[in-house]
Amino acid sequence: MAPTELRPASSALIERAEGLFPGGVNSPVRAFRAVGRPPLVLERGEGPHVWDVDGRRHIDYIGAWGPAILGHAHPAVVEAVTRASRNGFALGATNSLEIELGEAIRRAMPSVERLRFTSSGTEAVMSAIRVARAATGRDLIVKFAGAYHGHSDGLLVEAGSGIATQAIAGSAGVPHAVAATSIVLPFNDVDAVSAAFAAHPAEIAAVIVEPVIANAGVVPPVPDYLQSLRALTRANGALLLFDEVITGFRLALGGAQERFGVTPDLTTLGKIIGGGMPIGAYGGRADLMNLVAPADPVYQAGTLSGHPLSMAAGIATLEELEAGRYAALEATAAAFEAGLADAATSAGRDVAIARVGSLLTVFFRPTRPIDATEALASDREAYARYFGSMLDQGILLPPSQFEAWFVSMAHGPAEIAATLEAARTAFAA
Ligand code: KE4
């Protein structure tokens, strides 16, 4: 049966959505274009499951793209938001919940001596970069190919013609002059970073990095790589910016900076700290954050920054995480990875599974990618077929080879077993 007949309610809603939103979605990946399937319309989530409007239940590994580390609709989070909503919504002045969440973040991430909440990760990254440029008086930013840091102009860029040269726009509408303030380097290549500093002495304000790239699929740092970035930025008067929008509170309570033992100057956060409500945050060394308005000279603002309901959801989520459930999550994800590897091997499929903590990707290529170039060489068609087979068996994976799978604390043995059963069939398909 054609997908349309299979999902009448979804199809009718998608048709209306396509007349309203670009591609029928409010964020591109939700269009499922990369996997050649009609997009789902989801109406409910609970624990490890989501339901679409045609009543189908899916074991979910999208996890709202990161926030749902506790699983969906965790009772403590729902109760916290419901309770807070009875006091009204944004009131336009400081709310005690902002202070509570800020202190919880600093307890977990001591490098975040001071911070500012925003309404998205993009805003947080954009603001952190402004602080870095103001603090150093320098304009250039180094980022890595395959990493995604939100959609601010300067970060929608691709590598220029040569190593350490000015980047080129990665999206229409990004002025060349703005793209030229970025340099895009290969990840996991220390020499490339050294060369960039040599080519641009005293011009690089910061190096921004996803400490574990999740936006090319999962690409971990090679041993000592993050430590090298720390040393090189310090030696060259530049700042190290960890974009922990995904890894923060995911890889450990203290994020990647705790897991890898590297302290950045600035950190950006999002997703988990809002428990699934709109949020972002940037923070770090007090001397840097003290440059931000209402102090001079760095301006930044936001009508709904620190929104009480986002704060309430974040506080409840971090309280659950402080209870120390990471060891169990690690064990679940490790067992999942081993099971997937067995399923692929028994089906004779040549895939490479990359995992850090509860972030993992099954790459349809023989070896784990070391950088974006290798990740992009994966067999996208094979991934699309695999995605479709898993979806038809009730398993919802991220609809792109280049996203991370998110295992939550709500994924139990039954869900993992059901997923591995489906994987055996999907790998054989
Ligand atoms: P938002 O503006 O989407 O809240 O955050 C941007 C962002 C910043 N930094 C990192 C490391 C991120 O992964 C993101 C956003 N992640 C994507 C998932 N690949 C969000 C999903 C989407 O764009 O719909």
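Asp224 is found in the loop between strand S9 and helix H8 (225-235), where helices (H or I, at least four residues) and strands (E, at least two) are DSSP runs numbered from the N terminus. This is a predicted model, in which local features need pLDDT of at least 70 and side-chain atom pairs count only at pLDDT 80 or more, while totals for chains, interfaces and linings use all residues. Residues are numbered from 1 along each chain as its sequence is written, and side-chain values use heavy atoms, with hydrogens and water left out. The briefing below takes up the overall fold, the ligand site, and then a series of individual residues.

**Overall fold**

- The secondary structure of the protein comes to 15 helices and 16 strands.
- The radius of gyration of the protein is 21 Å, which agrees with the value near 22 Å that a compact globule of 429 residues would have; this radius is taken over C-alpha atoms, and the globule rule is 2.2 Å times the number of residues to the power 0.38.
- Along its principal axes, the C-alpha trace of the protein spans about 60 × 55 × 45 Å.
- Of the 429 residues in the protein, 54% are buried, a term that means under 20% relative accessible area, with exposed meaning over 50% and partly exposed in between (1.4 Å probe, protein chains only).

**Ligand site**

- There are 16 residues around the ligand, of which Ser27, Thr122, Asn215, Asp243 and Glu403 come nearest; a residue counts as near a molecule if one of its heavy atoms lies within 4 Å of it.
- By class, the shell around the ligand has five nonpolar, seven polar and four charged residues, where Ala, Val, Leu, Ile, Met, Phe, Trp, Tyr, Cys and Pro count as nonpolar, Asp, Glu, Lys and Arg as charged, and the others, Gly among them, as polar.
- Domain 1 (8-61 + 324-428) and domain 2 (75-321) each supply at least three residues to the shell around the ligand, with the domain bounds coming from an automatic or database domain assignment.
- An N or O atom in the side chain of Thr122 is 2.7 Å from an oxygen atom of the ligand, and an N or O atom in the side chain of Asp243 is 2.7 Å from a nitrogen atom of the ligand.
- For Tyr148, a backbone N or O atom lies 3.5 Å from a nitrogen atom of the ligand.
- On its own the ligand has 540 Å² of accessible area, and the protein covers 85% of this; accessible areas come from the Shrake-Rupley method with a 1.4 Å probe, and for residues only the protein chains shown count as cover.

**Buried residues and their polar contacts**

- His149, in the loop between strand S5 (140-144) and strand S6 (157-158), is buried, with a relative accessible area of 2%.
- The side chain of His149 makes a polar contact with the side chain of Asp243 at 2.8 Å; a polar contact is a pair of N or O atoms within 3.5 Å, and within protein one must be able to donate a hydrogen and the other to accept it, while residues adjacent in sequence count only if both atoms are side-chain atoms.
- Thr361 is part of strand S14 (residues 359-363) and counts as buried at 0% relative accessibility.
- The side chain of Thr361 reaches the backbone nitrogen of Val218 at 2.9 Å, and a polar atom of that side chain lies 3.2 Å from the backbone oxygen of Glu403.

**Loops and backbone geometry**

- Asp224 has a positive phi of about 70° although it is not a glycine, and at 53% relative accessibility Asp224 counts as exposed.
- Ala202, in the loop between helix H7 (190-199) and strand S9 (204-209), has a positive phi of about 60° although it is not a glycine, and Ala202 is exposed, with a relative accessible area of 57%.
- The peptide bond from Ala293 to Pro294 is cis, with omega near 15°, and Pro294 lies in the loop between helix H10 (286-289) and helix H11 (308-322).
- The peptide bond from Asp296 to Pro297 is cis, with omega near -5°, and Pro297 lies in the loop between H10 and H11.

**Separations along the chain and in space**

- Glu322, in helix H11, is partly exposed, with a relative accessible area of 36%.
- From C-alpha to C-alpha, Glu322 and Ala108 are 8.5 Å apart in space, although 214 residues apart in sequence.
- Met109 has its place in the loop between helix H4 (96-108) and strand S4 (114-118), and at 0% relative accessibility Met109 counts as buried.
- The C-alpha atoms of Met109 and Ser127 are separated by 19 Å, with the two residues 18 residues apart along the chain.
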